[in-house]
Amino acid sequence: MKRMFPLLVIAALLGFVRPAFAEMVVIVNKDNPLATISKAEIEMIYLGKKKQFQNGSPAIPVDLPAESHLRREFFTNVLDKSEESYRLYWVRMIFSGKGQPPLTLSAENEAVKFVSQNKAGIAFVDSDGILPGVKVVTISGMK
Amino acid sequence: MKLPFRLTIHRKLWGLLLFFLVIMAASVATTYLGSMRISRYLDSNEVETLRHTVALKNNLNEIEQSFNDAAAQREPALIVQAEQISHEFDDHIAAMIHGDPGNAARYEKIKKSFHEYFVAARSGARQLLGGEGFSSSVLLSAQKVNTILPSLREDVEKLISNKYVLFEGMLTLATGAAKSIVRREIIVTGFIALIGFALVFKTIDSILKPIDSLLNATEELGKGNLTIRTRVISNDEVGELARSFNDMADRLENERDKLEESRQKLTQLLQEREEMQREIVKNNEELKRANTLLQKADQAKSQFLASMSHELRTPLNAMINFTDQIIEDWEDLKNNDEWFLEAREMLVRVLGSSRHLLDLINELLDLAKIEAGKMTLDLEEADLAGIVRECVLSVSSLAKKKNLPLTADFTGENTPIKCDRRKVKQVVINLLSNAIKFTDQGEVRVAVAAAPGGYRISVSDTGIGIPEEYHARIWDRFQQVDSSDNRKHAGTGLGLNLVKELTEMHGGTVMLSSVPAGGTTFTVYFPAKAAGGETVKAG
């Protein structure tokens with residue numbers, strides 16, 4: 001816990017700076033031993049370049065519909081990519097037969113539900129809608 | 001090289017043209033045959049199949065791109081385009097099955113998996129057109145594409161590499177064939193080019209050499225060298241030209257030689273004529289001179305005759321008149337003593353005139369003898385001083401009449417010489433009487449002196465003298481200094497000439513030195529021994 005202290009401080013600070021907005025968090029299944037994940041790793045997983053977490057357990061990322069405001073934040077802050085280029089990337093991957101994109105779920109609660117029921121799941125959601133079956137992982141490398 | 005026909009320039013050029021046409025035709029034919037061989041390799045089934053296989057790969061790429069673009073740009077038309085390309089793909093497969101039935105199963109398998117892939121990709125693309133995210137059905141299609149496409153690609157690639165190996169074999173064969181064809185073409189072309197070059201060079205040379213030679217010859221001929229001939233004579237049109245040029249030059253040279261010959265003849269004739277003319281002129285001059293001499297002689301003769309007749313008539317008249325007078329007065333003479341004495345005087349005159357006449361006639365006869373060459377010297381040992389003394393005696397009466405002193409000097413040894421006594425006397429008397437005749441006062445002197453090889457007699461007077469211009473003429477016959485003087489100084493005009501002739505007959509000389517009004521000196525030289533021996537003929 002000592003190692004996590006600065007991160008908690010940062011998180012607290014972020015909460016303090018933006019108290020009016022609901023916070024975007026990355027969640028995994030509660031049985032997933034993962035507590036923290038790097039921005040680069042998240043990017044690799046969402047771009048299909050990695051299909052496992054760092055500890056070797058499989059990772060299945062899910063996506064939210066385009067109208068979700070969380071999605072924009074996730075793309076801008078975590079993936080460092082525009083939604084359009086992300087889409088073009090995956091279209092190219094699909095038709096060249098090089099992989100399948102993360103499944104787009106219809107709503108945020110669906111994503112939470114998917115992660116809570118799927119041990120390999122990973123998603124980005126609003127911190128408000130967190131259910132007992134999932135846990136938030138801290139993202140290292142965030143500004 | 002002997003040919004059965006004449007190799008004219010026309011034939012040479014046409015021959016060259018024909019040669020190159022044949023060579024070009026042969027070259028085109030061999031090139032065509034070679035290309036046929038190459039295309040037989042390249043048009044084989046393997047190559048055709050390879051082409052289709054490569055087309056399959058391209059079609060796959062194009063379809064992928066079309067679906068990708070359709071989804072990315074949300075453009076349904078691109079899906080239609082992909083469908084069209086899929087038909088091409090089918091066509092290629094069909095062609096491959098047709099062309100290579102042995103591998104039909106393999107192609108059929110590819111066709112089947114392509115269809116599966118195409119259907120999956122198309123449904124995926126269609127779903128992505130909607131703008132929803134990556135739904136589960138999209139993921140399903142993606143999964144299918146994911147499983148089928150890589151193996152499909154792999155199959156096509158394998159096919160390509162299989163076919164490519166075969167194609168490479170064909171290509172090697174074709175390349176080999178092409179190389180051998182090219183090599184052969186290069187060698188044959190080079191060889192032909194060499195032959196062609198040699199032929200062209202030889203032809204040009206054979207045409208131009210005679211022309212050059214002819215041109216040079218023509219220029220030389222134009223400069224006037226008529227001996228020039230063109231030596232290079234080809235068996236063609238230029239050759240004919242060269243031959244006729246040489247003929248022309250021959251004729252020109254001939255004509256020139258003839259002209260030269262006639263020119264020389266003419267020159268010779270002209271020279272001869274000029275010489276003749278010169279001779280004629282010379283002859284004419286001589287004739288003229290002779291004529292003048294003749295005229296002068298004729299004139300002198302006429303003058304002489306005139307004076308002679310006068311000289312002859314005068315004493316004769318005197319004689320006739322006096323004798324006539326005496327005969328007429330004969331009776332009175334008997335009675336009149338005075339008349340009788342007068343008659344005697346007349347008779348003395350008649351005698352004088354008769355003597356004068358005799359002298360005249362003697363001189364004439366002497367000259368006539370000399371003229372006729374009949375005068376001879378009657379040589380004898382004579383004392384020159386004695387002769388001169390006799391002469392002085394015989395003319396002393398004449399000098400006494402004119403009251404002229406006549407002196408004679410004798411110097412040196414007096415040795416007798418061989419001479420014609422009468423003629424030497426005649427010379428001295430002539431000179432002395434001349435001197436007395438032309439001297440009115442002063443004196444007449446005669447001197448005899450020994451001279452080298454003989455004696456010199458000089459007769460000097462103090463008379464009227466002889467002008468310089470008459471010195472040469474005075475020796476000529478029938479000449480006197482002045483005709484008007486004839487009356488005053490009667491003479492025959494033969495005296496001096498006779499003196500000269502007689503002296504020269506003795507081998508001696510006569511010299512004159514005189515100035516008008518200053519007196520005259522005649523000097524006669526007689527050699528001790530008269531030249532010419534006993535007798536000397538004059539002339």
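Predicted model: local features only at pLDDT ≥ 70, side-chain atom pairs only at ≥ 80, totals over all residues.
In strand E6 of chain A (residues 134–140), A:Val134 is the bridge partner of A:Asn29. Strands here are DSSP runs of E with at least two residues, helices are runs of H or I with at least four, and both are numbered from the N terminus. E6(A) pairs with E1(A) over four bridges, in the antiparallel sense. Two strands pair if DSSP finds at least two bridges between them.

E1(A), residues 24–29, is also joined to strand E5 (residues 121–126) of chain A. These two run antiparallel, with five bridges.

Residues are numbered from 1 along each chain as its sequence is written, while chains are lettered from A and ligands numbered from 1 in the order in which they are written.

Now the two chains together. Contact means C-beta atoms, placed from the backbone, within 7 Å. By that rule, 20 residues of chain B touch 17 residues of chain A. On the chain B side, helices H2 (45–73), H4 (104–129) and H5 (136–223) each give two or more residues. H5(B) gives the most, with eight. The predictor gives the complex an ipTM of 0.79 and a pTM of 0.44.

How confident is the predictor in chain B? Its pLDDT (confidence in each residue, from 0 to 100) averages 85, and 94% of the residues score at least 70. Helix H3 (residues 76–99) of chain B is highest, at 94, and helix H11 (residues 485–488) of chain B is lowest, at a mean of 45. Over residues 532–539 of chain B, pLDDT stays under 50.

Technical notes:
Contact = placed C-beta atoms within 7 Å.
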